[in-house]
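My notes follow the structure below.

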Amino acid sequence: MTREDRLFERARAIMQRRANGHYRPILRHLARRGHAHAMLELAGLFSQGNDPADLGVMSRAGTPAWLYRRVWMRGGPYACLAAQNLAMSRFNIGDLHGYRLWLRRAQMLGDNDSGLELDRFETRLPFGDARAIGRGRPWRRNER
C-alpha cells in the first residue's frame, strides 16, 4: 500500500467518524498529487454542495466536472466512474448532447449499463414532468 493510499484511507476514516482530524485538506493534497480516488471523493463532496463549485463548467480548475474529466483523462480503474458522473452532471444541467457523449465514453471503457441507456435514450418522454419542461412526446400505442 502506497503512502497516498494510506492517506486516503485515513481521510475516509475521518469522513466516517472512525478517526479524528480534518479530511478535506488530505483529499485536496491527494487530488493535487493525482490520486484518482481522492479526486472522485472531492468532486462528490463539491457536488453535494459542501463547497461552492459550478457543475456545468469543465474548464474551471477545482470544479467537480474538471476533477471528473481529469480522472477520465488519466485512465485507470476509476475512469469509467468519472465518465458516468460526467454524464449525470451533463443530464442534470440539461445538456443532452454532453450526456450522450459521456455515456458513450463510459460504454467504451466497458460499462454495459451506459450502453443500454444509450440504446433506450429518447429526447422526448411521455411523462407529465417531461412535458412541463418541453421534452414531452405523445403516448405510443403499446404504452396506453
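Predicted model: local features only at pLDDT ≥ 70, side-chain atom pairs only at ≥ 80, totals over all residues.

I took contact to mean heavy atoms within 4.5 Å. I took helices (H or I, at least four residues) and strands (E, at least two) as DSSP runs, numbered from the N terminus. Residues are numbered from 1 along each chain as its sequence is written, and side-chain values use heavy atoms, with hydrogens and water left out.

**Entry 1: helix α6**

I looked up α6, which runs over residues 96-108 and has 13 residues. From first to last C-alpha it reaches 18 Å, close to the 18 Å expected at 1.5 Å a residue; the expected span is 1.5 Å times one less than the number of residues.

I then asked which residues of α6 are buried. I used buried for under 20% relative accessible area, exposed for over 50% and partly exposed for in between (1.4 Å probe, protein chains only). The buried residues are Leu 96, Gly 98, Tyr 99, Trp 102, Leu 103 and Ala 106. They cover an arc of only 155° around the axis, which puts them on the same side of α6; the arc is that of the directions from the helix axis to the C-beta atoms. I found that these buried residues pack against α4 (64-74), α5 (79-92) and α7 (112-119). The face turned away from the buried side carries the exposed residues His 97 and Met 108. Just after α6, I noted Gly 110 with a positive phi of about 110°.

**Entry 2: salt bridges**

How many salt bridges does the whole structure hold? I counted a side-chain nitrogen of Lys or Arg within 4 Å of a carboxyl oxygen of Asp or Glu, and the search finds 3.

I record Glu 4 with Arg 33 at 3.1 Å, N to O. Glu 4 lies in helix α1 (residues 3-15) and Arg 33 in the loop between α2 (23-32) and α3 (36-47), so the pair ties together parts that are 29 residues apart in sequence. Glu 4 is partly exposed at 22% relative accessibility, and Arg 33 is exposed at 51%.

I record Glu 41 with Arg 12, their closest N and O atoms being 3.4 Å apart. Glu 41 lies in α3 and Arg 12 in α1, so this pair ties together parts that are 29 residues apart in sequence.

I record Asp 95 with Arg 90 at 3.3 Å, N to O. Asp 95 is partly exposed at 25%, whereas Arg 90 is buried at 9%.
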